[in-house]
Amino acid sequence: MTEIRVLNDEAQFRAHTSVFRRAMHWGPPTDEQWEVVRPSYEPGRALAAFDGDEMIGTTMSFGSSILVPGGAVLPHAAISRVGVRADYTRRGVLTALMREQLSTMSDPIATLRASEGRIYGRFGYGLAGRWRWVEIDAKRAAIVGEMTGRVRMVDHDTADKLLPELHDAIGLARPGNISRWPGWWVRARDRKGDAGNSVTVVHSGPNGDDGFLTYKVSEEKDFKHKMSIEDFVWATPDAWRDLWMFVARLDLVDTIEIDLSLDDPVSLLFDDPRVIVTKDLQDEIWLRLVDVPHALQARTYGVAEPVVIEVHDKLLPANDGCYRVSPDGVERVEAPADLTIPVDLLGAVYLGDTTFSQLAAVKRIDGARFDEADALFAVAQKPFCGTFF
Ligand SMILES: CC(C)(COP(=O)(O)OP(=O)(O)OC[C@H]1O[C@@H](n2cnc3c(N)ncnc32)[C@H](O)[C@@H]1OP(=O)(O)O)[C@@H](O)C(=O)NCCC(=O)NCCS
């Protein structure tokens, strides 16, 4: 029989990482790898499934916060290390883990990155944000004009101290952005150490440091170099533009690759918009509304007549019910519904990536007044997280 336990000590945390890694077809962590992973464990946030004394499945979360449309920042659980030992799959182990994790969670919103698209919908997660991976022909990527501020390279020790502070000071900017936890930065530093050639540059404007990016350049062949931008954070449009000018003008770089939000305006910077090509479009944010009333009340809404939305949540029935959404906010009501939606698809529309009309067109939701619901949930910026975990 499967039993779910909360883990609290280091030996269990390391076993948890080993079970997860095995599910991903990786070996157990070496001592060196474990030193990097260890700081990301927080007591009470790691769960494991046991068959007797044997650990057979894992999940955990990192404590974080997320920006929702309108600018409110809510507590957020970043779910990670989900895995079930191969000799125990398809027997309901993950279902038991998810049920326990969600029913005991105090954060109103959880998000994760999915290894496969079919796993998480049944647990109430919806695809709420996507990114595009682009490649830029650096030799033709001319940006006209001069920098307004200054870009400086910083060494690894300076970056290790400065970047977490600067990320916090800049704050969350667009729906889907999340705060980073101390263990995230430990792993980011390690990725940098792995390659040894990671570079951090910091931008300063009239009010001091206001943006940074980290990148690596690798030689593909015979002085042909590819730059991979791994982290790009800015507080002002000037910082964003200056940092792009810096990378576009680097010597010996032929191509630049980066993951961007769907509506990132970078192609408008270049005199020839064809220097940038989208190579792939992938799902980024899978979002679960754990506390539907709290999460719905936290975001703002566009201008339209109120719509009554009936929500169905098989795993967390406290969320079941009708919600009247209007430009003034959200209230729970006993009233006939205009439309009915399962909680995973409410997660998909929550940050504005998917619309009610799209879901109705593919017959995944029932009802009427989809255009008004679209207008209420419309957002100015496409959701994007930009922090991989
Ligand atoms: C994904 C994984 C955790 C699922 O664990 P599991 O214990 O087999 O899941 P469950 O038995 O609780 O499955 C519940 C349901 O989801 C379905 N399901 C589970 N994993 C699935 C998958 N990868 N693709 C499609 N359906 C899946 C099951 O068929 C089952 O459906 P049913 O209720 O209609 O019978 C496990 O297969 C695994 O560890 N995979 C490799 C690691 C991985 O990808 N982890 C996720 C990282 S984001």
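Leaving aside its neighbours within four places in sequence, which residues is H76 in contact with? Here are some notes to read alongside the structure.

1. **What you are looking at.** This is a predicted model, in which local features need pLDDT of at least 70, side-chain atom pairs count only at pLDDT 80 or more, and totals for chains, interfaces and linings use all residues. Residues are numbered from 1 along each chain as its sequence is written, and side-chain values use heavy atoms, with hydrogens and water left out.

2. **The opening question.** Start with H76, which sits in strand 4. Beyond its neighbours within four places in sequence, H76 is in contact with F62, G63, S64, S65, I66, D107, I109, A110, T111 and I178. Contact here means heavy atoms within 4.5 Å. H76 has a relative accessible area of 0%, so it counts as buried. The cut-offs are under 20% relative accessible area for buried, over 50% for exposed, and partly exposed in between, with a 1.4 Å probe and protein chains only.

3. **The chain as a whole.** The protein chain has ten helices and 17 strands. These are DSSP runs numbered from the N terminus: helices are H or I with at least four residues, strands are E with at least two. The C-alpha trace spans about 60 × 55 × 35 Å along its principal axes. For 389 residues, a compact globule would have a radius of gyration near 21 Å, and the 22 Å of the protein chain agrees with that. This radius is taken over C-alpha atoms, and the globule rule is 2.2 Å times the number of residues to the power 0.38.

4. Of the 389 residues in the protein chain, 51% are buried. The accessible surface comes to about 18200 Å², and carbon and sulfur atoms hold 50% of it. Such areas come from the Shrake-Rupley method with a 1.4 Å probe; for residues, only the protein chains shown count as cover. Among contacts between residues at least 6 apart in sequence, 72% join residues at least 24 apart.

5. **Around the ligand.** Have a look at the 19 residues that surround the ligand, where the closest are V84, R90, G92, T95 and S115.

6. **Oxygen atoms of the ligand.** A side-chain N or O atom of S115 is 2.6 Å from a ligand oxygen, and a polar side-chain atom of R122 lies 2.9 Å from a ligand oxygen. Taken alone the ligand exposes 900 Å², and the protein buries 73% of that. Strand 4 (73-84) and helix 3 (93-103) are the elements that give two or more residues to the shell.

7. R91 lies in the loop between strand 4 and helix 3. Its relative accessible area is 57%, so R91 is exposed. The R91 side chain reaches the backbone oxygen of D87 at 2.8 Å. R91 and T2 are 89 residues apart in sequence, yet 9.5 Å apart in space, C-alpha to C-alpha.

8. **Two positive phi values.** Most residues other than glycine have a negative phi. F223 has a phi near 65° and is found in the loop between strand 9 (208-221) and strand 10 (224-234). L252 also has a phi near 65°, and lies in the loop between helix 6 (237-248) and strand 11 (255-261).

Key. Near = heavy atom within 4 Å. Polar contact = N/O pair within 3.5 Å; in protein donor to acceptor, adjacent residues only side chain to side chain.
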